[in-house]
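Subject: Structure for you to look at

Dear colleague,

Here is the structure I said I would pass on. Please open it and keep it beside this message as you read.

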Amino acid sequence: MRNFIEAMREAGKVVDYKEPVSTVYDAPKIASSTDDMVFFHDLDGMGRGVMNVTASRSSLAIALGIPEREVVHRLAEKDYTGTTTDGGSLTMQAPTLTDLPVMKHYPLDAGRYLTSAVVYSAYGGVENASIHRMLVIDDNHLAARIVEGRHTHNLLQQAISEGESLPVAITIGTHPAVTFASCTRVPEGREMGYAAELLGGEMPLFECPNGIRVPDAEIVLEGYMGGETTDEGPFVDITGTYDPVRQGPVITLTGMHTKKDPIYHGILPGGNEHKILMGMPYEPKIFRAVAGVTRVRNVVLTTGGAGYLHAVIQVRKSTQGDAKNAIMAAFAAHTSLKHVVVIDEDIDPFDMEDVEYAVATRVRADRDVMIIEGVRGSSLDPCRTGDGMNVKMGIDATMVMGEEEKFIRAGWD
């Protein structure tokens, strides 16, 4: 990550804060005011940290070494076949989470959360890497949000069914290519192969005492996850609204490894880096799907659509039905999509004002708007209520689903 920080400095995209900054609200507030990388040299006297590592498409393009407007095209060509090499073993000391500048981001958060941490696990010969938010309980315990049905959850359930715990390792402060790969749905066990491919073809992995392999990172934690659960949440998710309290598995840490004077990486929940990492990994998948039905030129999951719910797809239309075919392909590729806009080649998919112009001047709703009823949608959508969409928007910036669940928009006021 340090090499990437220097590349961002050369590009003039780093803002330095030399004075002390609080990890409770203040650092997140500062990060919310810019998309440039923010480098904090003193976080509550506990060390250095960065936020907004890839809070813009241009920053991610620098990380991947790909021109910004070619990112989706290039990523759509990847096949997750990079090579990982043996980097040796890591030594560990006793974990002390309270010595790290872990942040509390919003007033209703349950506590301090790790937000950029990649969780590595392995069981039955299968390795996995994915990002999970984790609430700090004490020096050596975390409560994790593990989404049901995803790879980490499946490995955990397999280990529990065998009467065992799942060994895990956690990295904070990796190269953005590793973080991006860990956010991407790839064939089982190929996250690090994809990261290696993004970094040029080869990448070393280092073995923790519990057998889990990790890439280079500022901070490495190791431990185990079993059947013990505890309350996790509230926490602000990608739509900027608070997730409810859930039961999450407890991770017991057994070791910690840090670089000298480590640089902590925090992602602002609901901020643009969160949206980039949630949405952009789906753009190549949508690109490939739409390419199967028409000539696709580009795909953008928009920031205004929480980086996840709205897509703009640029095509070269051959027949009148191409746009609807593209919409159906996009929904199939990314089932959490809510709205899709298909545009011609003369409209810039990266310019939302240009996209709005196309909607205003080229769309007749009776002819051009297609509504698909009864589909699942995304559980992250605050106005989703089962199969219905019974929503009321109040002037206090809350959303009510039916008359029961309130979704509160996050803020510091």
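What follows is a short account of what was found, by topic.

Please note that this is a predicted model.

Nonpolar cores

The largest nonpolar core has 39 residues. Those with the most contacts inside it are Leu-114, Met-134, Leu-142, Ile-170 and Ile-251. Strand β10, residues 166–172, gives the most to this core, with four residues. Not counting residues up to four places away in sequence, Ile-170 touches a set that includes Met-134, Leu-142 and Ile-251. Also among the residues touched by Ile-170 are Ala-117, Val-118, Val-119, Ile-219, Val-220, Leu-221 and Leu-253. There is a second, separate core of 35 residues, and Ala-177, Met-203, Val-220 and Ile-267 are included in it. As background, nonpolar side chains tend to be buried together in soluble globular proteins.

Strand β19 and its partners

Strand β19 covers residues 310–316, and five of its seven residues are buried, so the strand is largely enclosed by the rest of the structure. Strand β18 (residues 295–301) runs antiparallel to β19, and six bridges join the two. In that pairing, Asn-298 stands opposite Gln-314. Strand β20 (residues 339–343) runs parallel to β19, with five bridges between them. Here Ile-313 stands opposite Val-342.

Met-37

Met-37 lies in strand β2, residues 37–40. Its relative accessibility is 0%, so Met-37 counts as buried. Leaving aside neighbours within four places in sequence, Met-37 is in contact with Phe-4, Ile-5, Met-8, Lys-13, Val-14, Val-15, Val-50, Met-51, Asn-52 and Val-53. The C-alpha atoms of Met-37 and Arg-9 are separated by 9.0 Å, and these two residues are 28 residues apart along the chain.

Helix α7

Helix α7 (residues 191–198) is mostly covered, with eight of its eight residues buried. Among the buried residues of α7 are Glu-191 and Glu-197, as well as Tyr-194 and Leu-198. The helix is followed by Gly-200, which has a positive phi near 115 degrees.

The cavity

The structure holds one cavity of 30 Å³ or more. About 30 Å³ of space lies in the largest cavity. Its lining is made up of Ala-144, Arg-145, Ile-146, Glu-232, Arg-246, Gln-247, Gly-248 and Pro-249. Strand β16 (residues 246–258) supplies the largest share of that lining, four residues. By class, the lining has three nonpolar, two polar and three charged residues.

Backbone points to check

Two residues other than glycine have a positive phi and may be worth a look. Asp-44 has a phi of about 55 degrees and is found in the loop between β2 and β3. With a relative accessible area of 37%, Asp-44 is partly exposed. Tyr-80 has a phi near 65 degrees and lies in the loop between α4 and β4. Tyr-80 is buried, with a relative accessible area of 12%, which is under the 20% cut-off. Finally, a cis peptide bond joins Gly-233 and Pro-234, with omega about 5 degrees. Pro-234 lies in the loop between β13 and β14.

Regards

Notes: Residues numbered from 1 in each chain as written. Predicted model: local features only at pLDDT ≥ 70, side-chain atom pairs only at ≥ 80, totals over all residues. Heavy atoms only, no water. 1 Å grid on protein atoms, 1.4 Å probe; cavity = no way out; pocket = protein on both sides within 12 Å on 5 of 7 lines; lining within 4 Å. Points joined across faces, edges and corners; volume = space filled by probe spheres on them. Nonpolar A, V, L, I, M, F, W, Y, C, P; charged D, E, K, R; others polar. Core = buried A, V, L, I, M, F, W, Y, C linked by side-chain atoms within 4.5 Å. Buried < 20%, exposed > 50% of the residue type's maximum accessible area, 1.4 Å probe, protein only. Contact = heavy atoms within 4.5 Å. Pairing = 2+ DSSP bridges.
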